[in-house]
Every structure is written in structure tokens, then in C-alpha cells.
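Morning, everyone. I have one chain to show you, and I'll keep it brisk. Here it is.

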Amino acid sequence: MSGSGSGSGTSGDSAVGTVERALAAALHDGGDLDTGASLLAADPAADAELALRGREFVRRAWERGWQPADVLRMVVREGLDAAHVQLTARLVRAETERYENLPPRWAAQLAELPEEAAGAAGRADRFSYATTVLELYRLLARLPAIEPVGPVPGESVGTPVAGEPRALARIRALLAKAERTGYPPEAEALSAKAQELMARHSVDEALLASRTHAKDAPTACRIGVDAPYETAKAVLLDAVAGANRCRAVWNSAFGFSTVVGFEPDLEVVEMLYTSLLVQATAAMTRAEAEQRAGGRKRTKTFRQSFLAAYAHRIGDRLARATEEVTAERADLLPVLAARDAAVTTRAEELFPRTVSTRMRGVTDAAGWAEGTAAARRARLEG
């Protein structure tokens with residue numbers, strides 16, 4: 001081995017050693033971030049190895065069941081700042097670029113990652129930047145294993161279908177119009193038509209699977225349930241899921257619900273929940289403005305009660321709309337019942353132990369009345 005080669009190897013070994021010592025100092029319980037950051041700041045040659053370790057931490061998180069949106073959500077929930085969010089997005093992009101094909105839903109999650117701020121990595125001094133890196137790596141290293149909802153990059157995935165069914169495109173357009181309009185009767189009509197299409201789309205997919213003897217099985221996806229008023233939002237998502245032949249299980253600690261169902265139904269659940277949340281927030285803002293105009297100050301309990309009533313009322317109406325569409329196809333009841341049973345079985349496999357949560361803070365009568373009225377205006381049956 002030449003002298004030049006020996007020197008290069010020594011330099012690489014030194015960088016690896018620096019990173020090893022820094023991680024050992026910072027990541028264990030009661031770790032010393034300052035010591036680890038000092039080691040990294042003093043050795044610029046270790047930067048490449050440090051970035052490689054970050055990609056490894058991201059990959060390990062995926063192997064433990066986490067997806068890009070889940071990881072980013074935890075960074076925010078743990079109170080880390082914009083620099084940590086930017087670093088997370090950078091590591092996720094770097095790791096996913098290694099794979100030719102990604103699991104379903106990952107493209108949408110990657111598209112929502114924050115854009116890299118120009119010159120962001122060079123604005124902090126080396127010690128501060130190293131501290132940010134170690135704080136993020138410590139969080140990633142401590143993420144527990146959770147229920148997997150799909151393959152990780154590199155595993156075999158089904159070939160995605162180009163585009164989306166025409167029914168979903170129409171549903172998406174109707175809900176977008178319902179969110180934009182400030183005229184309640186128009187929003188009601190648009191949402192009603194969207195829910196009718198959703199129910200018919202689900203029945204059509206079940207019929208197609210039955211006729212072709214498709215071997216499709218229930219799968220799962222995660223939907224963020226963010227503060228504030230997470231309990232009420234989780235109840236709303238549960239109502240949407242139940243009306244569309246899915247099951248939702250809320251994980252309050254990690255800020256998401258896992259929705260189990262057949263893929264076509266999962267798509268409409270996510271779409272409808274997002275739209276109803278937008279409509280509910282807009283309706284709540286209008287109700288608060290009217291209450292303030294009447295001289296009453298609005299409170300947190302008003303908002304919690306509003307959203308709880310909205311979720312309760314919407315759930316009843318969604319279920320009724322689905323029942324009406326299903327009743328038109330009585331010949332498909334055995335097929336739909338079999339799919340319902342398959343969803344229940346899969347949900348119980350993923351979550352053998354669940355507990356019920358009592359909603360607290362629903363004590364404002366005005367909030368409940370306003371939320372019920374808003375849900376009535378947004379009624380979804382055709």
C-alpha cells in the first residue's frame with residue numbers, strides 16, 4: 001500500500017472514530033450533547049460520515065414502521081425547531097433517492113417535505129450545527145417500533161396504476177369547491193354529491209373485486225391528527241372511516257390515526273376527512289365571530305365542544321348516506337359483509353389491544369349547538 005493510500009485510510013478511520021465517539025457521548029441516556037458537538041465541530045473531515053449515519057437512522061426508523069410524514073411529525077411534536085425540520089427533510093430525500101421504486105403514498109409525503117432554505121446549512125457555526133444534528137439523531141434513535149402500514153423502500157411493491165379513477169377526480173373537485181365556497185347551501189350540495197360518489201365508488205370496487213376474483217386484501221395508512229383538539233379530530237376521522245367501511249385507531253402519543261381498509265376506501269377516507277376538517281374549521285371561525293359580535297367571549301371549551309358535536313353529527317349523516325347507497329345494491333350485501341369482516345380481522349391483527357378514550361372538555365352548550373348546526377348545514381346524504 002502506498003504512503004498516500006495509507007494516509008487516506010488513516011484520515012477516514014479518524015473521521016469514523018470521531019463520529020463514533022460523538023454519538024456514544026450524546027445518544028445514550030443522560031448523554032452529553034456538548035461533548036459530542038465539540039468533537040464534531042473540531043473535525044470537519046467527519047461531516048460526510050455524520051451525514052451517512054443520519055441516513056442510517058432514517059432507514060432504521062422506516063424498518064421500525066415509520067414513514068417520512070410520521071418522522072417529520074414527531075420532530076415537530078418533540079419541540080425541535082426549523083433547523084431540525086430542514087435537516088430531517090434533507091436526510092429523508094437523500095435516503096429515498098437511493099431507490100428506484102417507493103411504496104404507495106410515499107411520493108405524496110415526499111412532495112410535502114419543506115423545501116431546503118438557501119444556504120441554511122452554512123448559516124450556523126459548526127458547534128451549533130453539530131448540536132442540531134445530535135439532537136435529531138437522538139430522537140431518531142429512540143423511536144420505538146410501531147405497526148407497519150406498508151413496505152419500506154427496497155421491498156417488493158405492486159406496480160402503481162397511472163393516474164386515478166375518474167370517480168376520485170370528481171370527488172376531489174367537488175370537495176375543493178365545497179371548501180372554497182362561502183355559501184352554505186352550495187357547500188351542502190357539493191358535499192352531498194361527493195359522499196354519494198364515494199359510497200358508489202366503494203360499491204363498484206367491491207363488485208369489480210368479486211367478479212374478477214381479485215386477491216386484494218385490506219391494507220392501512222396513517223393520517224395525522226394534530227393539535228389542538230386532537231380528541232375531537234380523532235373522533236371525526238373515526239366517523240369518516242366507519243362510514244366508508246374502514247377502521248381507525250388513534251395513537252395520541254404520536255399524533256396520528258392508523259386507518260385500516262381496502263385501498264379505494266382509504267383514499268376517500270383521507271380525502272373526505274381533510275375536506276371536512278377544513279369546512280369545520282371555517283364554520284367554527286364564523287361561529288366564533290358571530291358569538292363575539294353578540295358580546296360573548298369564545299373559549300377553548302367552545303371550540304372543543306363545537307368540533308365534538310360536528311364529528312358526532314357528521315358521523316350519523318355519513319353512515320346514513322352510505323346505508324342508502326348500499327341498500328340500492330342488496331345483491332352485493334354478502335360481498336360487502338365479507339370485506340367488512342376482512343377489515344375487522346386485519347385491524348385486530350395490527351391492534352390486538354385497544355382502549356376507548358373519553359372526550360373531555362365538551363361542556364360548552366353554545367359550542368355544541370353551533371357544531372351540530374354546522375354539521376347539519378354540511379350534511380352529506382344525497
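Start with the surface. The protein chain exposes about 19000 Å², and carbon and sulfur atoms supply 53% of that. Areas come from the Shrake-Rupley method with a 1.4 Å probe, and for residues only the protein chains shown count as cover.

Some ground rules. This is a predicted model, where local features need pLDDT of at least 70, side-chain atom pairs count only at pLDDT 80 or more, and totals for chains, interfaces and linings use all residues. Residues are numbered from 1 along each chain as its sequence is written, and side-chain values use heavy atoms, with hydrogens and water left out.

Now the overall count. The protein chain has 15 helices and 3 strands. Those are DSSP runs, numbered from the N terminus: helices are H or I, at least four residues, and strands are E, at least two. Of the 382 residues, 45% are buried. Buried means under 20% relative accessible area, exposed over 50%, partly exposed in between, with a 1.4 Å probe and protein chains only. Take contacts between residues at least 6 apart in sequence: 80% of them join residues at least 24 apart. Contact means heavy atoms within 4.5 Å.

On to the sheet. It is open, with 3 strands in the order β1-β3-β2 and antiparallel pairing. The edge strands are β1 (219-224) and β2, each pairing on one side only. Neighbouring strands are turned by 25° against each other on average, direction ignored. Pairing needs at least two DSSP bridges between two strands. β1 and β3 have 6 bridges; there, Arg222 stands opposite Thr258. β2 (residues 247-251) and β3 (residues 256-261) are joined by 5 bridges. Arg247 has Val260 as its bridge partner in β3. The hairpin of β2 and β3 has 4 residues between the strands, and Gly255 there takes a positive phi near 75°.

What lies across β1 and β3? Helix α12, residues 263-293, running at about 10° to β1. Axes are lines fitted to C-alpha atoms, for helices over the stretch in contact, and angles run from 0 to 180 degrees between N-to-C directions.

Last stop, helix α3, residues 47-63. Just after α3, Gly65 takes a positive phi of about 105°.

Is Glu49 buried or exposed? Buried, because its relative accessible area is 15%. Beyond its neighbours within four places in sequence, Glu49 is in contact with Ala15, Val16 and Val19.

Conventions
Expected span 1.5 Å × (residues − 1).
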